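Please look over the sequence and the structure first.

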Amino acid sequence: MNKMKIKNLFLVFLLLIFITILFSILFFKVKEEPSKFITSSDLSNRGWNSTEIKINNVTIFAWIADDEEKRALGLMHIKKLEENEGIIFIFEDEGIHQFWMKNTYLPLDILFIDKNLKIIDIQSMEPCNMNECILYSPPRSIKYAIEVERGFCTRNGIKIDDEVKIERR
């Protein structure tokens with residue numbers, strides 16, 4: 001009887017260890033998820049500012065990424081953009097600023113814009129949920145970049161050499 005009790009206690013002990021490990025794994029996984037964005041409106045809830053951008057007769061409602069943290073985050077974890085919505089990256093200095101699509105779910109068009117607010121290049125970017133992602137680079141120095149859903153530029157006739165107007169807020 002003692003051996004049976006010891007065996008049962010040992011099994012209960014193992015079960016408790018298993019439940020503790022399982023709970024820990026689930027707790028840390030669930031704890032990560034709320035910090036991830038789902039829709040672009042979550043950016044507003046986190047204090048991001050927005051502006052209107054005009055290219056030709058098209059208006060883009062853009063979230064502003066004007067500091068290192070916001071530029072690094074970009075549209076990561078966003079699963080849906082509204083029509084005519086995007087993000088504008090504003091850099092302190094002109095340069096060859098590279099972009100990647102790490103943890104980005106939407107295929108995007110990126111408009112590279114110089115200091116004179118002229119589009120110098122447009123590229124299509126692929127989502128990437130791996131450790132190594134493609135780097136997208138402008139052909140020369142830029143001061144701004146705008147990301148919108150892929151196909152937006154074609155649908156709206158936006159092309160290289162178009163001028164960009166940014167509403168200051």
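## Salt bridges and their surroundings

D162 has a relative accessibility of 7%, so it counts as buried. Its side chain meets that of K159 in a salt bridge, with 3.1 Å from N to O. K159 counts as partly exposed because its relative accessibility is 47%. The model is a predicted one, and a search of the whole structure finds five salt bridges.

Three of these pairs are set out below.

| Salt bridge | N to O distance |
|---|---|
| R71 and E68 | 3.3 Å |
| K80 and E82 | 3.1 Å |
| D162 and K159 | 3.1 Å |

R71 and E68 are both part of helix α3, which covers residues 68–73. They are three residues apart there, about one turn of the helix. R71 counts as buried because its relative accessibility is 13%. E68 is at 60% and therefore counts as exposed. E92 belongs to this group as well: a network of salt bridges links E68, R71 and E92.

## The protein overall

How many helices and strands does the protein have? There are four helices and seven strands. Read from the N terminus, the elements follow the order α-α-β-β-α-β-β-β-β-α-β. Of the 169 residues in the protein, 40% are buried. Among contacts with a separation of 6 or more, 71% are between residues 24 or more positions apart. The protein has an accessible surface of about 10,700 Å², and carbon and sulfur atoms account for 58% of that area.

On this surface, F10, L11, F13, I17 and I21 make a nonpolar patch of about 490 Å². One of these residues, F13, lies in helix α1, which covers residues 2–32.

T59 is located in strand β2, residues 58–65. Is T59 buried or exposed? Its relative accessibility is 16%, so T59 counts as buried. The side chain of T59 is joined to the side chain of K54 by a polar contact of 2.7 Å. With neighbours within four places in sequence left aside, T59 is in contact with E52, I53, K54 and N84.

R150 sits in the loop between β6 (142–149) and α4 (152–155). R150 has a relative accessibility of 32% and therefore counts as partly exposed. Which side chain makes a polar contact with the side chain of R150? The partner is E126, at 2.6 Å. Not counting residues up to four places away in sequence, R150 touches P107, L108, D109, S124, M125, E126 and R155. R150 can also be placed relative to L106: the two are 44 residues apart in sequence, with 8.0 Å between their C-alpha atoms.

## Confidence

The mean pLDDT of the protein is 86, and 85% of the residues reach 70 or more. Over residues 29–34, pLDDT stays under 50. For that stretch the model has one contact beyond four places in sequence.

Methods. Residues numbered from 1 in each chain as written. Predicted model: local features only at pLDDT ≥ 70, side-chain atom pairs only at ≥ 80, totals over all residues. Heavy atoms only, no water. Helix = DSSP H or I, 4+ residues; strand = E, 2+ residues; numbered from the N terminus. Buried < 20%, exposed > 50% of the residue type's maximum accessible area, 1.4 Å probe, protein only. Polar contact = N/O pair within 3.5 Å; in protein donor to acceptor, adjacent residues only side chain to side chain. Contact = heavy atoms within 4.5 Å. Patch = residues over 30% accessible without salt bridge, like charges linked within 9 Å, V, L, I, M, F, W, Y side chains within 5 Å. Areas by Shrake-Rupley, 256 points an atom, 1.4 Å probe, with all protein chains shown as cover. Salt bridge = Lys/Arg side-chain N within 4 Å of Asp/Glu carboxyl O. pLDDT = per-residue confidence, 0-100.
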